[in-house]
Amino acid sequence: GDLKVMKAQIEDELGDFSSGSKVNKEYSVYLPPKSKETFQGQMDLNIALNFISPLEVKNSLAEMKLRGQGQLKGKLGAPIFISNLTLVPGTGRFLFKNNDFILSDGTIQFTEQEAHQGPLFDFRGTSTINEYQITLNLSGRPKQYNVNLSSNPALSQNDIFSLLTIGLTDNATKNLGQSDRQ
């Protein structure tokens, strides 16, 4: 069937997407005791999801709104969410090393074949720290992802990480006196 979703919000942390066991345990309490296994195992899902308004994601690392369509498939006891979601421009931010990065674009893809691995994501954002504009590219899956950083004006990777963690580049810390370093 088809389902129009008027409002949806995800508040889970990234790692929570990698296993369906949380869903199974939370909602199985609503089924009669004798029918849990048979009912969940026999009921096939095939529901098209039409998100009327953007899907909101809020957790300790990010806040964003996403557009797209989805589908719920699989068994009732182990549903699989399939979707391609795209960041709504101007609605996203990502926290990395206590620095807010404003997201310029991004996608999250949930696939049926790789549901056990969690979603595949790809985001780009920028943050200004001192006089440097730092660009963050974050891609992969919740348990295995890549972080690529660049800056304008150009800095080495060590300088970028130093800037993100302590607010100064390696060169700037070398110029500090001993009392300033403490």
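Burial is assigned here by relative accessible area, with residues under 20% termed buried, those over 50% exposed and those in between partly exposed (1.4 Å probe, protein chains only). The model is predicted, so that local features need pLDDT of at least 70 and side-chain atom pairs count only at pLDDT 80 or more, whereas totals for chains, interfaces and linings use all residues. Residues are numbered from 1 along each chain as its sequence is written, and side-chain values use heavy atoms, with hydrogens and water left out.

Isoleucine 160 has a relative accessibility of 1% and therefore counts as buried. This residue belongs to helix H3 (residues 157-166); helices (H or I, at least four residues) and strands (E, at least two) are DSSP runs numbered from the N terminus. When neighbours within four places in sequence are set aside, the contacts (heavy atoms within 4.5 Å) of isoleucine 160 are Ile134, Leu149, Ser150, Ser151 and Leu155. Tyrosine 132 is 28 residues from isoleucine 160 in sequence, with a C-alpha to C-alpha separation of 9.1 Å.

Serine 151, one of these contacts of isoleucine 160, is part of strand S11 (residues 144-152). Its relative accessibility of 15% places serine 151 among the buried residues. Beyond neighbours within four places in sequence, serine 151 touches Gln133, Ile134 and Ile160. A polar atom of the serine 151 side chain lies 2.8 Å from the backbone oxygen of proline 153. The backbone nitrogen of leucine 155 is likewise 2.8 Å from a polar atom of that side chain.

Ile134 also features in the largest nonpolar core, which has 30 residues; Met64, Leu66 and Ile134 touch the most other members. Such a core is a set of buried Ala, Val, Leu, Ile, Met, Phe, Trp, Tyr and Cys residues joined through side-chain atoms within 4.5 Å. Leucine 66 is in contact with Pro54, Leu55, Val57, Leu85, Thr86, Leu87, Val88 and Ile108, residues up to four places away in sequence being excluded.

Two aromatic pairs are present in the structure. Rings of Phe, Tyr and Trp (its six-membered ring) pair if their centres lie within 6.5 Å, and planes under 30 degrees apart count as stacked, over 60 as edge-to-face and the rest as tilted. Phenylalanine 81 and phenylalanine 110 are arranged edge-to-face, at 4.9 Å centre to centre and 65 degrees between the planes. Because phenylalanine 81 lies in strand S6 (residues 78-87) and phenylalanine 110 in strand S8 (residues 99-110), this pair ties together parts 29 residues apart in sequence. Phenylalanine 81 is partly exposed at 24%, whereas phenylalanine 110 is buried at 10%. Phenylalanine 96 and phenylalanine 101 also form an edge-to-face pair, at 6.4 Å and 70 degrees. Phenylalanine 96 is buried at 15% relative accessibility, and phenylalanine 101 is buried at 0%.

Key. A polar contact is a pair of N or O atoms within 3.5 Å; within protein, one must be able to donate a hydrogen and the other to accept it, and residues adjacent in sequence count only if both atoms are side-chain atoms.
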